[in-house]
Amino acid sequence: MPKRRDIEKILIIGSGPIVIGQACEFDYSGTQACKALKEEGYQVVLLNSNPATIMTDPEFADSTYIEPITVEVLENVIARERPQACLPTLGGQTGLNVAFEAAKRGILDTYKVELIGANREAIARAEDRKLFKLTMEKAGIPLPRSRTVYSLKEAKEALEFVGLPCVVRPAFTLGGTGGGIAYNIEEFKSIVKRGIDASLIGEVLIEEYLEGWKEFELEVMRDKKDNVVIICSIENFDPMGIHTGDSITVAPAQTLTDIEYQRMRIYAIRAIRAIGVETGGSNIQFAINPKDGRIVIIEMNPRVSRSSALASKATGFPIAKIAAKLAIGLTLDEIPNDITKETPASFEPTIDYCVVKIPRFTFEKFPKADPTLNTSMKSVGEIMAIGRTFKEALLKGIRALEIGKYGLEPMIDKEKLPLAEVIEKVKQNLIVPNAKRIFYIADAFRLGFKVEEIEKLTHIDKWFLNNIKELVDFEEKLKKEKKLTLPTLRKAKELGFSDIYLGKVLQISPEKIRRLREKEKIFAVYKLVDTCAGEFEAYTPYYYSTYECECEARVSQRKKVMILGGGPNRIGQGIEFDYCCVHAAFALREEGIEVIMVNCNPETVSTDYDTSDKLYFEPITLEDVLNIVRKESPWGVILQFGGQTPLNLALGLEKEKVNILGTKAKYIDIGEDRDKFRSLLLKLGLKQPESGIAKSLEEAKKIAFQIGFPVLVRPSYVLGGRAMEIVYDLETLEGFVKEALEYSINQTILIDKFLEDAIEVDVDLIGDGENFVIGGILEHIEEAGIHSGDSAMCLPPFSLSKEIIDKIREASYALARELNIVGLMNLQLAVKNRSIFILEVNPRASRTVPFVSKAIGVPLAKLAAKVMIGNTLKQLGFTKEIVPSYRCVKESVFPFNRFLGVDIILGPEMKSTGEVMGIDFDFGRAYLKSQLGASQNLPKGGNVFISVRDKDKKGIIPVAKRLKELGFKILTTQGTGKVLKKEGIDVKILPKLAEGRPNIIDYMKNKEVHLIINTPSGRIPRKDEIVIRSTATFYRVPCITTVSGAIASTKAIELLLSHNVEVKSIQDYHHLLSSS
């Protein structure tokens, strides 16, 4: 069928900020869709609030709106742009829900906008649990026993039919938000209430718990002619009851019989037709009872999903790109396969290797969170590993996670605990699903557990368990032999053992093992990912390593640069660094250089097959990188774009004579090593908070007494503020110093005097070794003490004087010159009493680079890559700092709704998963947009609860006064209320939680409070405060924890009441810069 000619302009809705359940896979899919539609000659309009994405770069859409993803904003964009169609299936649950709501309100009909890919009825049939059940029953597809309910009363009635334990699944939610498994009536009532509240339509499904059943997914595509293809089958390592995003998954499915697969395939094709997804991709989840083979359908996503990105990278089949082309009327047989160039998209991919996805968790950031895995997703990222066998892919995946493990390493030291205690601990960790269960399975085999015992405790299929047992048995054999023979070494490498893990098992250095491999010519070879198991020639070089004889890597004689990616997303290192890697690849290809990308994250644009000239889907470890260097002999390697992960390899690569491009390793070391950095500042005459360097607890105590509390404790060579803390007393110091020493690579920590009430500032700068230009100066909105990745920021600064800004510029240029910066540099400062203090410098890309680039209209990472290969800033045309006439506010987004009961107070350790951007012509409006984008839904009226510490009582008075003037009623605690009453502000005083009812918790439960302002009483907050703030998260009441945040939010509320949110494309903002 020919593509549609009645459409000229298409609106794509993005997924917004990175959150648990919705990560950079939607940047990958959105970027593919934008490119595909422009390739076909359509005008593309994009709405997305996330500045850290490639898709929001101005060249990917004709009009890009970095605005909050709300129905109101969507209507404004439609009114301004007048698209004929909207593609809602590439922006995750966020994009789907907003499009559905706009259709429901009649907005799309008013402006004559057609939903393509999936219409309103199809979305409803897939997302509305009741309609989904009816549709599947009508199609003859079996389902679990269930009932759909809209109230707790109905839920109790449904429970009589379903029984306990049961699964609660809210409709129209993301990553299992609000759902869970209920084992008793109290849990049931709590989860149902939460689920109804989380659902877009107030609906939950009460479903039988399929304990011990196996879970599978099929990625399915359909076109206008009703052609349906299965792209990939995916099997969950973990049984039903664990969200698929939190489970290890394997492609293709390993334990299905052919009959089971064919039945599942038939059901999937029936399902996509019955739901009515006319064109595009869908993810369909099934469960199989291993005892009798019964198959049921669990759910279907009528859109591109997290698993779609995994299936795309696993097979090489670009699902999002094909989905976009199908949406405009093309059919599968008309779309060529980019990799083979001979076969059409109607050919189902075939793979002759095994792919393993392992989720990445960051429970260490939330030590009080429940680490039990269930139907509500908790992981923040993932890796993908490819091997010839499951064993090889699994071991590659484990070392790619960057959790300090290089194989199935023991969790328990059997020698230090009584055997009965060890066995009991292992059993508990097998029974209760958790992020480290795979390591406990290996421990169980070491303790002599049988496969059948572990299967009974975990419900994990025997096939997977036998594979793990074989790896443990081989490891035990190695220990007994105590000598590494050549056949054993070759076998170990074929199984996937890394040099580091072999070294740990045999107690020899990994370097010695590598030298032995080199001497005996035991090298990794590389195989192609080609979508067709070698049946047709592949034109896109996309490789994975293994240990066999034949190598399929095609090595050219061109000048080559290797870019090391950031590995799995985690808090502290996310999509911002992938953005920089992608820009580097684009830049170097423009310069005629062959670009080799190395990364292991299946969600990202960097691992798209057409981002670079060659893609190696490999772990970012020294061994794996050196293997590729040996094969490709690149002219240079870029480390500074992938975050801390590649930087940690700098010294190892330099030792092997690898040419590291950009700022040299010795200067990177000065920036990272606290002792050398302090010496540099002394040389330049720049101030730093009084500090000292400690290598032991005793040294740390001595320094703390010398400089006085509070102090900031931080280790060297970490990202995301890991093990960084503000300490107010000696007792707390002892615990934090121990943790900081554990996380510091060189067992060194810095003790800084903490500057209370200072204003923090970030500076991003680019240099070519001789000339330096500031990209942006960002003023933090929250006071000092909150990690820069968590703080809201404004560019240009909104309160700093010209004198202070000039001092910041001078300090930035002085440091850049001294560190001989070639590429990017990030500087963090504090301003107090008109003096500036240098906090730290990072001679690499920072997480604010995408935000600054969008704000000033200059692709800093792209320019930095070109500088690294010898271009000057003058040649590139960037010689002067650009200060916009508008304001740009970056706001962070947090995962607290996934970790109920955890305090939401921020500090020097980073906790945010993503960010949004608000742009407008004054600070208040830009800040308002940032809050709307971050789903901090500020109220237009109602009750505000204010309870602040003594230090903040004076500062909160003008906030309370203004809120009162705006028509809000003020609720307070006794201490805050007394101060506000004295200022003539009418307040209602509520009792403390233990002193009477109704208290603030009752008001929240009754939905009678609409905003909370609650600052912590100290670094160890009172129990009542934690309960108030975590309850606010549960009931989705906006909660502000700083006075500066309260001041900015009050201004935003004022604007919300008096102005409509106006929209403008990023291209229009950039036009203002070029015309000024």
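Are Phe100 and Phe172 buried or exposed? Both are buried, where buried means under 20% relative accessible area, exposed means over 50%, and partly exposed is in between (1.4 Å probe, protein chains only). Before you go looking for them, here is what you have on screen.

**Ground rules**

This is a predicted model, in which local features need pLDDT of at least 70 and side-chain atom pairs count only at pLDDT 80 or more, while totals for chains, interfaces and linings use all residues. Residues are numbered from 1 along each chain as its sequence is written, and side-chain values use heavy atoms, with hydrogens and water left out.

**Stop 1: the whole chain**

Zoom out and show the cartoon. The protein chain has 38 helices and 38 strands; helices (H or I, at least four residues) and strands (E, at least two) are DSSP runs, numbered from the N terminus. The chain's radius of gyration is 28 Å, close to the 31 Å that the globule rule gives for 1076 residues, so the chain is as compact as a globular protein of that length. That radius is taken over C-alpha atoms, and the rule is 2.2 Å times the number of residues to the power 0.38.

Turn the model around: the C-alpha trace spans about 75 × 70 × 70 Å along its principal axes. Of the 1076 residues, 67% are buried.

**Stop 2: rings**

Select Phe, Tyr and Trp. There are 24 aromatic pairs in the structure. Rings (for Trp, the six-membered one) pair if their centres lie within 6.5 Å; planes under 30 degrees apart count as stacked, over 60 as edge-to-face and the rest as tilted.

Pick out Phe100 and Phe172. Their ring centres are 4.8 Å apart and their planes sit at 40°, so this pair is tilted. Phe100 is in helix 3 (residues 92–104) and Phe172 is in the loop between strand 7 (166–170) and strand 8 (180–182), so the pair ties together parts that are 72 residues apart in sequence. Then try Phe497 and Tyr501, a stacked pair with 5.9 Å from centre to centre and 10° between the planes. Phe497 and Tyr501 are both buried.

For a group of rings, select Phe361, Phe363, Phe366, Phe894, Phe896 and Phe899, which form one aromatic cluster.

**Stop 3**

Select residues 560–564, which are strand 19. How many of its five residues are buried? Five of the five are, so to speak, under cover. Lys560, Met562 and Leu564 point one way, and Val561 and Ile563 point the other way.

Two strands pair if DSSP finds at least two bridges between them. Look for Val561 opposite Val595.

Now show helix 20 (residues 575–590): with strands 19 and 20 it makes a right-handed β-α-β unit. Right-handed means that, with the strands pointing away from you, the path from the first strand over the helix to the second runs clockwise. In helix 20 you'll find Ala584, which counts as buried at 0% relative accessibility. Leaving aside residues up to four places away in sequence, Ala584 touches Ile563, Phe641 and Ala865.

**Stop 4: strand 34**

Jump to residues 943–947. Five of the five residues in strand 34 are buried, so this strand is largely enclosed by the rest of the structure. Asn943, Phe945 and Ser947 lie on one side, with Val944 and Ile946 on the other.

Strand 35 (residues 969–972) pairs with strand 34 in the parallel sense over four bridges, and Ile946 stands opposite Thr972. To get from strand 34 to strand 35, the chain goes through helix 33 (residues 953–965) in a right-handed crossover. Strand 37 (residues 1011–1014) is also parallel to strand 34, joined by four bridges. There, Phe945 has Ile1012 as its bridge partner.

**Last stop: helix 29**

Finish at residues 849–856, helix 29, where eight of the eight residues are buried. Among them are Phe851 and Lys854. Just past the helix, click on Gly857, which takes a positive phi of about 70°.

Note on methods: Contact means heavy atoms within 4.5 Å.
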